[in-house]
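Consider the structure shown below.

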Amino acid sequence: MKSVSTNGRSYRWMDRPLVVVCVDGSEPAYIPEAVRAGVAPFLAHLQHTGTVLDADCVIPSFTNPNNLSIVTGAPPEVHGICGNYFYDRETGSEVMMNDPKYLRCGTLLAAFADAGAKVAVVTAKDKLRTLLGHKLKGTCFSAEKADAATVALVGMPVPSVYSAELSEFVFAAGVKLMERDRPDLMYLSTTDYVQHKAAPGTPAANAFYAMMDQYLAKLDALGCSIALTADHGMNAKHRADGSPDVIYLQDVLDGWLGAGKARVILPITDPYVVHHGALGSFATVYVDADVRKKIADLPGVEVVLTREEAAQRFELPPERIGDLVVVSTRHVVIGTSKARHDLSGLKEPLRSHGGLSEQKVPLLFNRRLRGVEGRFGAHRRLRNFDIFDLALNCVEEKVAA
Ligand SMILES: [Zn+2]
């Protein structure tokens, strides 16, 4: 049987079009809450006719490391993208990792396209497009920077980058592309605008999942295999009064060591800060002094690891993280200096991600799986970046509804 091998995995050729969806920031409770509210009949049905699992995402539980893991089938130590920023000690500058030159391996999307598959990729934000579309011979565009032909195809105006509609555009484009081109492989990646604002079960969250449910049902009706996961979860990160619960770690270290002795890098930092004010639950610190124990003792810190420990535990490229990796607890985030965070865009109490508390994500299929234990071992935890492997290598024929 025809197959494609890349990054140490081999994938069976698809027997029907496969659509893999990465729902940005989809904390596991969102889907069950929408199902309970009766607004997501397709997702509800998966419990009977498909497969409903959960999985662990990559730490840091951020968007780019996880999207790249999903499309390479490999952890960041292999693909190299471990955040939006790293600090280059040689040049003394903070470097943005949005450029494909930081990508250390090819994607399975490009590998399938090279083997003759028709591949389509649609992302919400443009920041992911060049990474996901690296060396891809196929269709690849973002909703944010959709061109006139795409807008005409989708039949929706280009939405604001800060809107639920940006994700709806991705799904609508996916359905139209499937109707028009019938790609063999399609990857759809949304934005977590809604998840940053609305908790599971709230009206805004349920409306988002109801929207998504309708498009997934259309793709299912078009005869597609569908597999869905998330890049990371999402949690409330604020105090009872609604103010963000922040450890301003640069200020703390400056107080202990003097200004400029340590450098705190927040790899969540990106050009779209309105969601989260660049506040997440993961930081990396470049520091010579032994402050590990002192940081670990700060209230709200879950774990502090050395570079070597973090690289091993989280499968990260050691040369792109600091001397220490700091992860905060479920409802706490880490900042640099208070003065460097513009929180004026935060209109609702902060919800964010980045830590171990956002590692659980859904893993759903519209088909039954078989042979998962045989392929992955009985005790290996499933990862979100196993999704293509599971969807292509472990599917059973679809059960009639
Ligand atoms: Zn994300």
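This is a predicted model: local features need pLDDT of at least 70, side-chain atom pairs count only at pLDDT 80 or more; totals for chains, interfaces and linings use all residues.

The buried residues run from T63, N64 and P65 through N66, N67 and L68 to S69, I70, V71 and T72.

Next comes a pair of helices. Helix α8 covers residues 165-181 and helix α10 covers residues 203-221; their axes come within 10 Å and cross at roughly 10°. Angles under 35 degrees count as roughly parallel, and α8 and α10 are therefore roughly parallel to each other. On the α8 side the contact is made by E168, F171, A172, G174, V175 and M178, which meet M211, M212, Y215, K218 and L219 in α10. Sorted by class, this contact of α8 with α10 holds 8 nonpolar, 1 polar and 2 charged residues. An α-helix has 3.6 residues a turn, so residues three or four places apart point the same way.

The last stop is A262, in strand β13, which spans residues 262-265. Is A262 buried or exposed? A262 has 23 other C-beta atoms within 10 Å; the cut-off for a buried residue is 20 or more, so A262 is buried. Apart from neighbours within four places in sequence, A262 is in contact with L253, L257, V285, Y286 and V287. P100 lies 162 residues from A262 along the chain, and the C-alpha atoms of the two are separated by 29 Å.

Definitions and conventions. Residues are numbered from 1 along each chain as its sequence is written. Axes are lines fitted to C-alpha atoms, for helices over the stretch in contact, and angles run from 0 to 180 degrees between N-to-C directions. Helices (H or I, at least four residues) and strands (E, at least two) are DSSP runs, numbered from the N terminus. Angles under 35 degrees count as roughly parallel, over 145 as roughly antiparallel, 65 to 115 as roughly perpendicular and the rest as oblique. Two residues are in contact if their C-beta atoms, placed from the backbone, lie within 7 Å. Ala, Val, Leu, Ile, Met, Phe, Trp, Tyr, Cys and Pro count as nonpolar, Asp, Glu, Lys and Arg as charged, and the others, Gly among them, as polar. A residue is buried if 20 or more other C-beta atoms lie within 10 Å of its own, exposed if 12 or fewer, and partly exposed in between; C-beta atoms are placed from the backbone.
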